[in-house]
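This report concerns a single structure, shown below with its sequence.

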Amino acid sequence: MTRRERILTELGLTPLWLHRRRLDDPGATLESPPHATSHAALPQHRTAHEVRTVEVMDWAEMREAAATCTSCVLHEKRKQAVLGVGDEKADWLFVGEGPGAEEDMRGEPFVGQAGKLLDNMLSAIGLKRGNNVYIANVVKCRPPGNRNPAPEETLACQPFLDRQIALLQPRLVVALGKVAANTLLARGGTLGSMRKTVHDYRGIPLIVTYHPAYLLRTLTDKAKAWEDLCFAVETMSGLSSAARNVD
Ligand code: SF4
């Protein structure tokens, strides 16, 4: 069995791969930067002086803030917020769209069928969930009926993702699907038009590929996703070489 066949088998995708807050005191007069008031993410026992914006939160504060956030309607039907999972010092960051039913139940992103496929995709390029890999979503609460998050919901939730990326400082971001790509790149456009390009997210290289849930429905695009994974590995290798040359 060739290396490619071994990888395809590991992916479980053969033979298709072969073919290719607001302060709870409304009267508060504290002047706060953006998001300190837009995210009702703070426990009610906190005073105005203790308010910290998402932009300066640490991981523990973000988990607490997301769990109590009511900044968009998605909080209404969630069982829990799903901030992310993995190595908080990871070089690789994979960003999906939003939690599904199983993720909402378990509090971890990508744990259903799409999660299994993502794990296989990671394994195919020598990566493993939790080991130098962090996985997050654009929105932290489940969109009902697995619909796409609305623009106002992604906008409301973006400070969490931005802060996660600021804390992680990953070497490469992989946007899984059009919603993640459009949110992170702050642009419209089809997924196809964004593939095969190294984009820039605040100085961090970003590439775009298909969302695993889409690949489960559209088997014929798995070959393209494989191309994207290879492109991601090449991009990361290039970054490593460049870093060595600088050293
Ligand atoms: Fe808050 Fe994000 Fe959940 Fe909306 S999706 S309630 S902004 S944590």
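The text that follows treats model confidence, the surroundings of the ligand and the salt bridges.

The structure is a predicted model. Its chain has an average pLDDT of 84, and 77% of the residues reach at least 70. Over residues 13-50, however, the pLDDT is below 50, although this stretch makes 82 contacts beyond near neighbours in sequence in the model. Where pLDDT is low, the predicted coordinates should not be read in detail.

Residues surrounding the ligand are C69, S71, C72, L74, H75, R78, K140, C141, A156, C157 and F160. The table divides this shell by class.

| Class | Residues around the ligand |
|---|---|
| Nonpolar | seven residues |
| Polar | two residues |

The model contains 10 salt bridges. One of them joins the side chains of E88 and R63, with an N to O distance of 3.2 Å. Because E88 lies in the loop between strand 1 (84-86) and strand 2 (92-96), and R63 in helix 2 (residues 59-68), the pair ties together parts that are 25 residues apart in sequence.

Notes: Residues numbered from 1 in each chain as written. Predicted model: local features only at pLDDT ≥ 70, side-chain atom pairs only at ≥ 80, totals over all residues. Heavy atoms only, no water. Near = heavy atom within 4 Å. Nonpolar A, V, L, I, M, F, W, Y, C, P; charged D, E, K, R; others polar. pLDDT = per-residue confidence, 0-100. Contact = heavy atoms within 4.5 Å. Salt bridge = Lys/Arg side-chain N within 4 Å of Asp/Glu carboxyl O. Helix = DSSP H or I, 4+ residues; strand = E, 2+ residues; numbered from the N terminus.
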